[in-house]
Amino acid sequence: MDTETYQTSLSEFRTHLWDEIQLNVATNLSVDREEFLEYVAEQLTEAEEIDDFSYVPYEGFGRRNRRIQIDGYSYSELDECLNVFIATPMTYDEDETLIATDANRYIGMAAAFLDNAEYIVENAEESAPGYGFATDVIGMYSDVRKYKIYLISDKIKSKTLTQLDNIQARGKDVECHVWDISRIFELTTSSMGREEIVIRFADFGIKGLPCLLASETPDYKAYLCNIPGMVLAILYNKYGGRLLEGNVRSFLQVRGKVNKGIRYTILNEPEMFFAYNNGIAATAYDMKVESIEGISYITEITSLQIVNGGQTTASLATALVKDKKDHSEENIRKIHIPMKLSLVLPEKSDKLIGNIARYANSQNKVSDADLWSNHPYHIRMEDFSRRIIAPATNGRQYGTYWYYERANGQYAQETYKSTPKEKARFLEHHPKNQKITKTEFAKYMHVYQQRPDIASMGGQKAFVKFADQVSTAWDKDNTTFNEEYFKNAVSIALLFRESDKIVRKQSWYRSYKANIVEYALAKIFLHCKYSISKFCN
């Protein structure tokens with residue numbers, strides 16, 4: 001879109017976002033910073049940039065009177081990465097600019113929290129929101145591979161803010177990411193629901209990937225190519241799980257990502273890696289193929305997704321970082337991996353990428369539950385959510401729907417190109433607070449089954465375990481997943497969300513709200529089950 005249209009759209013987005021934040025503040029009795037962060041975190045989670053987000057605000061001073069501030073965190077077990085979030089105060093002003101000096105100052109305060117974790121544990125009150133997280137930084141997250149700091153702002157980033165200071169925390173390099181209002185807007189309105197990763201192989205000092213066009217249909221092209229192990233390892237260490245197709249990422253996250261056999265070959269027989277390894281299968285939305293000295297090279301790839309070979313990729317990346325003493329870097333430079341790369345049109349991606357992942361993994365221990373995005377269970381729940389009307393409430397003279405979001409970003413796409421009138425009508429009948437994602441659905445059902453420990457594992461882990469359960473039950477008798485089942489699930493969602501509001505209002509509440517709600521509700525369900533059983537007997 002042209003500059004004027006973009007600015008108009010951005011202004012409309014900001015106005016809509018601010019209105020939504022103020023509404024949520026009034027409804028949830030929260031503060032605008034929390035609601036803003038929760039909104040951005042939801043977008044980043046749907047875009048597979050982060051896993052579950054925890055809002056943990058903390059401000060104070062550390063050693064040598066160093067200023068400290070954080071607002072939340074997210075941990076990716078697959079990437080062994082701890083993400084720390086900090087937000088600038090809300091401006092509600094379209095003319096505010098985020099300059100480099102301020103960006104570096106805020107990022108520095110977040111890094112100071114990590115560096116002063118021991119100081120916080122020694123000096124802060126145990127009831128302070130940051131105390132528990134500081135304890136986890138020292139203990140649970142002490143061996144992370146890297147830290148990322150996300151600076152979130154409703155300001156517009158200055159044009160001169162192109163590079164941030166290089167910093168470290170707890171002896172490790174820190175990746176810094178600025179998400180200003182324009183970047184948030186672009187992510188929210190992205191047709192794919194994620195930021196595109198564009199890989200240019202010239203940046204790695206190579207011409208590209210030598211390739212051969214192997215197959216072509218109206219919907220896709222398939223290339224056979226060869227990718228250097230060092231390039232693959234660097235890409236994974238930079239982008240992490242974002243390079244992996246969603247179901248494959250879930251599979252690795254639950255079942256462990258480093259294969260001992262692959263690691264042995266890397267460290268002891270790198271020259272045989274090509275012979276021993278089956279290679280990787282991947283998809284992309286776009287690529288550039290150039291003829292150089294009579295040979296075809298892929299010089300650029302947009303939105304690379306690895307659909308098979310995740311363990312190979314993760315094992316190379318981990319060895320590069322953790323096995324330097326065993327000459328891993330020298331060995332990885334000797335490795336090349338065969339790759340089948342399919343160019344898929346974005347509008348065909350949902351079905352084709354899911355099928356490619358399914359069939360590419362058919363020889364491995366990846367069950368239907370792991371490749372579950374298009375399972376009939378989802379389709380049935382989606383169908384129920386579109387036609388079962390919930391009773392009218394709050395004085396309304398009409399019923400509403402509980403929207404089951406089978407695919408990430410599906411709810412937002414419903415109104416992406418709608419007129420204001422069409423959008424208002426859709427939201428009237430499908431309120432945003434009645435949207436349920438498939439990962440939320442899984443969490444609610446784990447709580448109902450009195451397994452808050454699984455619900456607390458995080459969205460992807462809880463989702464895959466739920467998929468295992470449902471896939472088995474579906475194969476035995478799928479008629480149990482009927483309209484009554486869907487209504488009961490929505491009832492559990494209602495209980496969960498109302499309990500969330502109750503906990504938030506308590507004077508003793510500081511942080512870890514989701515875990516408190518999960519364990520409290522599971523306990524209630526357990527007592528109800530026991531009481532009903534005792535009464536019936």
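## An exposed loop residue

His327 has a relative accessibility of 52% and therefore counts as exposed. Here a residue is exposed over 50% relative accessible area, buried under 20%, and partly exposed in between (1.4 Å probe, protein chains only). His327 sits in the loop between helix 11 and helix 12 (328-332). Its phi is positive, about 65°, although His327 is not a glycine.

The structure is a predicted model, in which local features need pLDDT of at least 70 and side-chain atom pairs count only at pLDDT 80 or more, while totals for chains, interfaces and linings use all residues. Residues are numbered from 1 along each chain as its sequence is written, and side-chain values use heavy atoms, with hydrogens and water left out.

## The chain as a whole

The protein chain contains 21 helices and 18 strands. The chain has 537 residues, of which 51% count as buried.

Contacts (heavy atoms within 4.5 Å) can also be sorted by distance along the sequence. Among those between residues at least 6 apart in sequence, 71% join residues at least 24 apart.

Strand 14 covers residues 295-302. Of its 8 residues, 6 are buried, and the strand is mostly covered. Strand 14 pairs with other strands, where pairing takes at least two DSSP bridges. With strand 9 (residues 198-200) it pairs in the antiparallel sense over 3 bridges. Within that pairing, Ile199 has Ile301 of strand 14 as its bridge partner.

Strand 10 (residues 209-216) also runs antiparallel to strand 14, and the two are joined by 2 bridges. There, Leu209 stands opposite Ile298 of strand 14. Strand 13 (residues 286-292) is another antiparallel partner, joined to strand 14 by 7 bridges. In this case Ser291 stands opposite Ser296 of strand 14.

## Two hairpins

Strand 13 and strand 14 form a hairpin with 2 residues between them. Glu293 lies in the loop between these two strands. This residue has a phi near 55°, a positive value in a residue other than glycine. Glu293 is exposed because its relative accessible area is 71%.

A second hairpin is made by strand 10 and strand 11, with 3 residues between them. Strand 11 covers residues 220-228, and its antiparallel pairing with strand 10 has 5 bridges. Leu212 has Leu224 of strand 11 as its bridge partner.

Several elements each supply at least two lining residues: strand 5 (146-152), strand 7 (167-169), strand 8 (172-179), helix 7 (229-239) and helix 11 (310-322). Strand 8 gives the most, with 7 residues. By type, the lining divides into 14 nonpolar, 7 polar and 16 charged residues. Asp, Glu, Lys and Arg count as charged, Ala, Val, Leu, Ile, Met, Phe, Trp, Tyr, Cys and Pro as nonpolar, and the others, Gly among them, as polar.

Helix 6 (residues 181-188) includes Thr188. Thr188 has a relative accessibility of 17% and so counts as buried. Apart from neighbours within four places in sequence, Thr188 is in contact with Phe13, Tyr39 and Gln43.

Helix 4 (residues 117-123) includes Asn123. The C-alpha atom of Asn123 is separated by 9.2 Å from that of Gly62, and the two residues are 61 residues apart along the chain. Helix 17 spans residues 438-448, and its buried residues include Lys438, Phe441, Ala442 and Tyr444. Met445, His446 and Val447 of helix 17 are buried as well. After helix 17 comes Gln450, which has a positive phi near 60°.

Key. Helix = DSSP H or I, 4+ residues; strand = E, 2+ residues; numbered from the N terminus.
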